[in-house]
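Look through the model, then read the points below.

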Amino acid sequence: MKNKALLKNKNIHFAGIGGIGMSGIALVLLEMGYNVSGSDVEPSAITDKLKTMGAGIFGGHAASNIKSDTQVLVYSSSISDDNPEMKEARRRNIVIAHRSEILGELFNARIGIAVTGTHGKTTTSSLISFILKKSGLDPTVVVGGEVDSLNGNAVLGKGAHMVAEADESDSSFLRLKPFYAVITNVEMEHLDHFKTLKSVRDAYGAFARNIKKGGALFYNSEDENMKKVLKSYNGRTRGFGFSAKAYAHPLNIEMKGFNTTFDCVCGGKLLGNVSLKIPGRHNVLNALAAILVGLELGLKFEEITAVMKDFEGAKRRFQMRAESNGVMLIEDYAHHPTEIRSVIAASRNWDGKRLVAVFQPHRYSRTKFFADAFGKSFAGVDKLILTDIYAASEKPIKGVSVKCLYDKAKKNGLKDIAILRKELIPDHIMKLKRPGDMIIVMGAGNIKKVADELCQRFLSEQSAGCNMVKKLRQVVKGKVKAGERLSAHTSFKIGGAVNGWIEPKDIQDLKTALSFLNKNKTPFFIIGNGSNILAKDEGFNGVLIHLGSEFFKTIKFTGARIRVGAGFSLPKLVNICCAKGLSGLESLVGIPGTIGGAIYMNAGGWTNPIFRNMGELVDSIKVMDARGKVRTLRSGDIKFGYRYSGLEGSIILEAVLKMNKADSDVLVSSASHFLKMKREKQTLDMPSAGCVFKNPPDSQFTCGQMIDTLGLKGRRCGGAEISTKHANFIVNRGGATCRDVLGLADIVKKRVKENYGLDLEMEVKII
């Protein structure tokens with residue numbers, strides 16, 4: 001029987017069916033109606049899925065797995081000749097075929113789109129498949145990674161196209177005859193098969209020459225090796241790259257977190273903006289390749305980009321596995337120095353993260369050949385954890401171990417490195433992690449088990465927080481929310497998630513909440529409008545209490561006295577009082593807090609005597625302590641001072657303010673004048689927390705004057721900037737983090753100490 005008619009046989013067995021490449025083909029054949037069986041050493045979600053679809057799955061390799069009706073045995077390069085199923089197939093003269101032969105028969109009968117390259121082929125092929133599927137072309141797909149949006153790694157479509165990831169590792173991609181091909185890049189790799197870089201380039205050249213007449217090759221024009229490959233190819237090409245010389249190239253690249261945007265230029269024409277949910281400059285190139293393929297197939301640019309914005313990547317390609325208490329867990333398949341550098345570069349989209357990398361080397365040959373490059377590839381990592389080499393099908397090479405990478409990384413300046421057995425890594429990570437960390441687990445071997453274990457532990461932590469919120473909802477009558485981001489509740493627009501957010505219905509409800517929190521030893525913090533707060537990037541591992549219900553926003557006027565709830569807005573009260581002819585608050589215009597927050601911080605208090613402090617207006621306040629006891633304090637009981645009230649540990653519930661009668665028109669004009677003065681000297685149109693530092697007592701200079709004199713206005717750290725208007729303001733110019741702000745604050749403190757001998761105290765409350 002000739003192998004070119006493999007798919008005429010209906011009973012096909014896969015040795016190693018759980019592999020990502022094997023399972024994709026098996027899945028398509030199952031959907032086509034073939035009788036599929038297969039074996040693998042370990043069960044997995046993939047083998048479970050195949051079994052559910054009707055495949056006969058065997059645990060482990062054995063001759064008995066080859067049944068009497070088996071017609072074809074399919075194997076991959078990871079299956080050795082002495083595999084018992086291979087031996088049995090040879091003994092019974094059953095046709096034996098490499099997986100690429102089956103893929104070739106499926107692929108070559110369609111309009112094939114093959115994606116290959118040393119790096120990026122899984123993401124690029126998945127993205128192309130996603131675009132074609134969502135655009136109605138309904139392609140058949142076999143890619144090298146699981147993609148949630150494709151419901152796996154393979155799809156049998158009814159359309160004329162087939163997208164396949166073409167495996168160059170053993171030159172088996174030469175069995176594919178594509179109509180369109182993408183080559184993402186060309187590097188030395190797969191040392192068990194290729195002995196020289198020339199042999200790598202020759203293989204890619206042969207692959208390009210397999211493109212069918214009338215087709216096209218889309219290639220990375222930045223790649224020097226690719227330029228040499230093209231010398232042996234005479235077909236139609238389209239290049240993509242960062243250079244303006246490339247047929248397709250990006251402009252105005254912006255990256256933040258998982259989001260990447262850029263403007264796309266093709267053939268000298270600006271087509272429009274592209275938005276992605278996958279991070280890193282390497283994914284800009286992958287996206288350009290996918291755009292070129294889509295345009296070639298007749299799709300409009302607007303159609304392509306409308307779909308691309310929803311693509312969330314393939315599993316194990318900078319995949320967010322979990323996030324708990326401000327710690328992100330990322331998993332990536334990176335196992336080559338270039339891939340590691342790309343992953344670390346992408347991690348910099350998150351400012352201020354401490355980066356903890358876990359890496360398992362893959363194959364002895366790769367470790368030996370790339371030892372120097374591996375040593376340099378971890379630059380930028382704060383902590384590196386290495387584990388033993390995953391051999392794959394290789395035998396050990398004398399003198400080659402994980403210690404080689406340890407030594408090379410040390411030599412290149414990385415100080416914090418540890419070598420641990422794989423099973424010890426999860427415990428180690430759980431002990432060392434801290435809010436604000438990004439943990440990245442990298443490798444192509446069984447290091448995935450470490451990521452899986454850490455993911456379970458992270459989810460357990462999350463579950464504990466969720467259980468606490470569920471219990472709060474059972475006892476608190478007001479609003480109870482989980483996972484609220486502090487950036488949405490602070491004037492700085494900075495801060496991570498909080499475990500729980502409570503808005504008590506009334507005083508009794510507040511008492512109930514406090515009783516629960518104290519009983520469960522849960523940290524809590526009272527927040528108003530968040531106007532004098534710098535929230536940490538990792539969020540708050542506890543509960544925030546916000547007096548935002550209508551009960552705490554009541555207001556009553558009795559002559560020149562005002563009884564007002566602590567949750568009432570200060571700017572709103574300023575406007576009401578001016579309109580009613582009640583004087584005293586007009587100089588506090590522009591302060592964005594609540595009444596409770598303004599009293600607690602004794603807001604106002606410019607050195608200029610024409611500006612009043614909030615404490616001057618207080619007649620009495622009603623407060624609750626942490627145990628729920630309520631009492632009333634007269635103004636004489638409160639120790640008001642500069643940015644101080646002495647009310648630590650107390651929750652302000654309401655206040656009685658003593659005002660003076662005045663002409664409303666005069667007050668409105670006065671408030672307008674004060675606001676104009678502030679706008680001239682303060683940056684009120686950018687997110688900030690007001691003055692960052694308290695003016696030092698007995699100093700002839702204010703903080704703003706000292707910072708200005710030191711030439712620090714306009715100094716930036718990440719997205720934070722020392723205001724060019726008021727030097728004691730730090731503003732969020734977009735995407736600023738708590739670490740950015742604290743970085744600038746440290747610079748200011750150091751310079752003031754060096755030049756004035758003063759220790760500055762933060763006025764902004766850090767939570």
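R316 is buried, at 11% relative accessible area. Buried means under 20% relative accessible area, exposed means over 50%, and partly exposed is in between, with a 1.4 Å probe and protein chains only. The model is predicted: local features need pLDDT of at least 70, side-chain atom pairs count only at pLDDT 80 or more, and totals for chains, interfaces and linings use all residues. Residues are numbered from 1 along each chain as its sequence is written, and side-chain values use heavy atoms, leaving out hydrogens and water.

**Positive phi in a loop**

- R316 sits in the loop that joins α9 (301–308) to β16 (319–324). Helices (H or I, at least four residues) and strands (E, at least two) are DSSP runs, numbered from the N terminus.
- The phi of R316 is near 65°, a positive value in a residue other than glycine.
- F318 also lies in the loop between α9 and β16. Its phi is near 45°, again positive in a residue other than glycine.
- F318 counts as buried because its relative accessibility is 8%.
- Most residues other than glycine have a negative phi.

**Cysteines**

- How many disulfides are there? The count is 0, where a disulfide is a pair of cysteine sulfur atoms within 2.5 Å.
- C717 is in no disulfide. The nearest cysteine sulfur belongs to C738 and is 11 Å away.
- C717 has 25% relative accessibility, so this residue counts as partly exposed.
- C455 has 6% relative accessibility, so this cysteine counts as buried.
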